[in-house]
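Student: I've got a protein model open and would like to talk it through. Can we go over it piece by piece?

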Amino acid sequence: MMTGVSSGCRSSCSLDHIMDASSLDFQNIFISLYAGAAPSLSSKDLASRIASCLTSQTDGPVSRTDVMCLCLTLTENIITRLSSQSLPQDVRIYYEDVMRSLCEMDLMAKLVSLLGCQDQLVSHLSTKCMSACVINDISMIESSSSLWRDTCAEVFYKSTPSGELDCCLWTLTCVIKGVLRGDFRNKNDVLTKLLGAMDPSLTCLYASLLPQHTLEPRKTEVTKHCRTLCTFFDLLEVLSAARLRCGVCSSVQRTVFTESRALLHVMRTDVEYFVTKRALLLLKRNLLRRAGEDWALGDVQSGSHVDEGLNEDLLAVADAVLNEVKAGWLQEVSVKAQPSFFGGNCDVHVGGTLRDNVMLRALSLILLKSLEINIQSTCGKGAQSNIDVQQYLTELMMFLRCHATHLSSEAHNCCWVTSVFAEQDDDMIESAKALFALYLYQKSLNFSVPVCLWGCNPHCHFIILLRSLSFDHTVLLDFLISTETCFLEYCVRYLKLLREDWTGFFRSCRHIEDSDGKLGGPRKLTANLMVEALSDKETPESSQMYVVSCARSPTGSDVRAGAVPRLVDYGSSDESEEADESSSDLHTNAVDFGRMEVEGSLYPSVTTMEQDHVFECLFDKVLACLEELKVAIMRLHNKGLFPYNPTSLLKLLNNLQPKKNFVSQPRLKTV
């Protein structure tokens with residue numbers, strides 16, 4: 001009896017010794033690989049050991065999980081080092097022989113067999129190794145493994161959430177990312193062939209995983225598969241990125257846009273909060289054409305690969321969003337105070353209130369961009385949109401006040417833009433640009449309701465933006481130079497409006513200061529407001545201007561948060577005018593909307609008041625900031641340091657100088 005036990009112990013100890021020795025061998029090979037050297041054993045011996053380790057435990061010798069994980073990681077690193085061309089020639093030849101031998105030993109089949117492994121670490125590492133193999137094959141022979149494609153397609157057709165499905169989704173996502181980021185000669189052909197093989201199965205998976213109807217959506221199976229859904233959303237974003245950057249368009253890539261209601265319906269299911277957030281972020285990036293912006297390289301869609309159906313598909317997304325919002329979709333969206341994805345999304349305000357800024361920004365931009373796309377598409381066809389912009393924006397304001405407790409009902413309505421988007425430069429400028437388009441549309445309809453009531457006054461947005469930056473012209477200069485935002489396009493549009501509507505600008509300055517006074521803001525007034533009526537006639541050259549004195553020191557946080565590359569670039573500021581063509585007709589045919597606001601009941605009547613202790617006024621600070629910006633641009637341009645030709649922008653800024661001088665002329669001396 002004792003002999004049997006001793007024999008069993010010796011057998012166990014012997015097996016452990018063998019496993020430890022095997023682990024040690026792979027560790028030494030790892031060290032040699034990173035040192036740029038080849039191990040002492042032959043390439044065929046190394047390949048044989050790796051293949052033996054990757055054999056399933058039921059089909060081959062027993063192998064411990066840690067050795068298998070080490071072996072998988074080693075194989076992936078060999079492929080990566082070969083792809084990066086970072087090995088000496090003799091060492092490179094050695095590892096190429098290793099990989100050639102592994103392929104002869106059915107490496108891909110061994111990796112595929114590990115996809116359904118119960119051990120999640122082994123499954124994940126095999127998926128990474130498989131992805132590296134496929135990307136390497138594409139770079140070498142411009143084709144991918146048929147076994148890998150067939151396996152993924154079969155799993156997608158089943159549409160049964162499982163670890164195997166997650167792995168197949170992950171590896172396809174990784175492969176497409178690798179192609180998009182890699183330096184491939186025929187990138188478009190490779191993606192077209194790959195997606196063509198996967199298209200039917202992915203379309204089937206889209207219809208199976210996501211709720212396609214609104215009837216009792218909470219009873220759908222989608223509630224049980226949060227992890228699979230997030231992985232699937234990652235793949236959908238990669239597919240959208242491939243379409244935007246390469247013009248590759250398969251059926252499933254169009255389905256992501258044309259059947260976007262399924263993403264909106266996710267809000268009505270009992271999934272985890274982070275899943276609904278991921279769905280909204282996907283919608284937002286698709287509408288803004290930013291899919292893959294945090295990892296993809298290169299500009300969005302070169303001229304040689306134009307996707308003619310993209311605008312039509314974006315309109316389908318916009319219509320779906322507007323229809324859902326009209327049906328009460330916003331009331332069903334949950335915005336929690338607690339952050340997700342390891343925190344960082346939660347903003348703590350005075351009084352201990354919390355809010356999820358990521359969700360608020362995503363929801364706001366989705367609605368704003370949908371309105372903009374719908375209006376521009378309709379007006380581009382010579383028709384008039386039947387969308388009630390005021391109704392949608394009013395509903396958005398109500399939604400934000402419910403979930404962003406810092407937005408007081410007494411505050412100036414237009415403050416919501418900088419308040420919601422203060423942490424993200426690109427989103428803030430994008431929202432301001434969209435609101436500008438909505439303003440021009442309402443202006444073309446002779447709309448008489450003051451736009452400040454629904455937070456859509458571009459004068460207020462620009463003034464509040466500058467005040468939040470403490471009127472620092474260097475921040476504006478950074479925005480103009482950087483490719484992270486579309487600020488040049490927005491700035492040119494606003495300066496054109498300012499040139500034609502000085503009355504609206506000065507009225508906005510006054511209204512913002514009045515709103516600050518109602519809230520008990522730091523206004524150091526020792527006298528009443530002083531108003532100078534400089535002219536009774538309103539023309540582009542001689543506007544009726546109002547001088548509103550205030551001594552409120554500018555406060556606000558610097559909104560220059562780290563932004564994701566927007567990749568907007570111009571060779572000249574003239575190109576920003578070309579980007580404005582979609583709204584030029586609205587702007588040309590519109591009446592003077594600013595004058596209508598002056599005559600509206602929102603603002604009090606203007607009378608001449610006391611003129612003692614005249615303080616620097618808000619609009620003086622705005623004009624001074626723009627003047628400093630002009631000087632800085634001219635200085636850089638004269639030295640050849642400005643990244644594009646700013647002639648058009650400088651011309652618009654020069655138009656402000658006569659107005660500023662006119663306003664600054666004869667004032668009565670203070671006592």
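This is a predicted model: local features need pLDDT of at least 70, side-chain atom pairs count only at pLDDT 80 or more; totals for chains, interfaces and linings use all residues.

Tutor: Residues are numbered from 1 along each chain as its sequence is written, and side-chain values use heavy atoms, with hydrogens and water left out.

Student: How many helices and strands are there in the protein chain?

Tutor: We go by DSSP runs numbered from the N terminus: helices are H or I runs of at least four residues, and strands are E runs of at least two. On that basis the protein chain has 29 helices and two strands.

Student: What percentage of the residues of the protein chain count as buried?

Tutor: Buried means under 20% relative accessible area, exposed means over 50%, and partly exposed is in between, using a 1.4 Å probe and protein chains only. The protein chain has 671 residues, and the buried share is 55%.

Student: At what angle do helix H10 and helix H11 pack?

Tutor: H10 covers residues 226-246 and H11 covers residues 251-258, and their axes are 9 Å apart. Axes here are lines fitted to C-alpha atoms, for helices over the stretch in contact, with angles running from 0 to 180 degrees between N-to-C directions. The packing angle is about 105°.

Student: What do we call that arrangement of H10 and H11?

Tutor: Under 35 degrees counts as roughly parallel, over 145 as roughly antiparallel, 65 to 115 as roughly perpendicular, and the rest as oblique. The angle is about 105°, so H10 is, relative to H11, roughly perpendicular.

Student: Which residues make the contact, and how many of them are nonpolar?

Tutor: Contact means heavy atoms within 4.5 Å. H10 brings Leu236, Leu239, Ser240, Ala242 and Arg243, while H11 brings Val252, Gln253, Arg254, Val256 and Phe257. For classes, Ala, Val, Leu, Ile, Met, Phe, Trp, Tyr, Cys and Pro count as nonpolar, Asp, Glu, Lys and Arg as charged, and the others, Gly among them, as polar. The contact has two charged residues, two polar ones and, for the class you asked about, six nonpolar.

Student: Which helix gives the largest share of the lining of the second largest pocket?

Tutor: The residues closest to the centre of this pocket, out of 32 lining it, are Ile79, Ser83, Ala132, Asn136 and Ser139. Helices H3 (65-83), H4 (89-104), H5 (107-113), H6 (120-141) and H8 (163-181) each give two or more residues to the lining. The largest share, 10 residues, comes from H6.

Student: How many residues of that lining of the second largest pocket are nonpolar?

Tutor: Sort the lining by class and you get nine charged and nine polar residues. The nonpolar count is 14.

Student: Is arginine 81 buried or exposed?

Tutor: Arginine 81 sits in helix H3. Leaving out residues up to four places away in sequence, it touches Leu33, Tyr34, Gly36, Ser86 and Leu87. Its relative accessible area is 18%, so arginine 81 counts as buried.

Student: How far apart in space are leucine 281 and valine 358, C-alpha to C-alpha?

Tutor: Leucine 281 is in helix H13 (residues 273-287) and counts as buried at 14% relative accessibility. Not counting residues up to four places away in sequence, leucine 281 touches Val358 and Ala362. Leucine 281 and valine 358 are 77 residues apart in sequence, and their C-alpha distance is 8.6 Å.

Student: Where is serine 159, and what is its phi?

Tutor: Serine 159 is in the loop between helix H7 (146-158) and H8. With a relative accessible area of 13%, serine 159 is buried. Serine 159 is not a glycine, yet its phi is positive, at about 55°.

Key: On a 1 Å grid over the protein atoms alone, a cavity is a set of points where a 1.4 Å probe fits but cannot get out, and a pocket is an open set with protein on both sides within 12 Å along at least five of seven lines; lining residues have an atom within 4 Å of a point.
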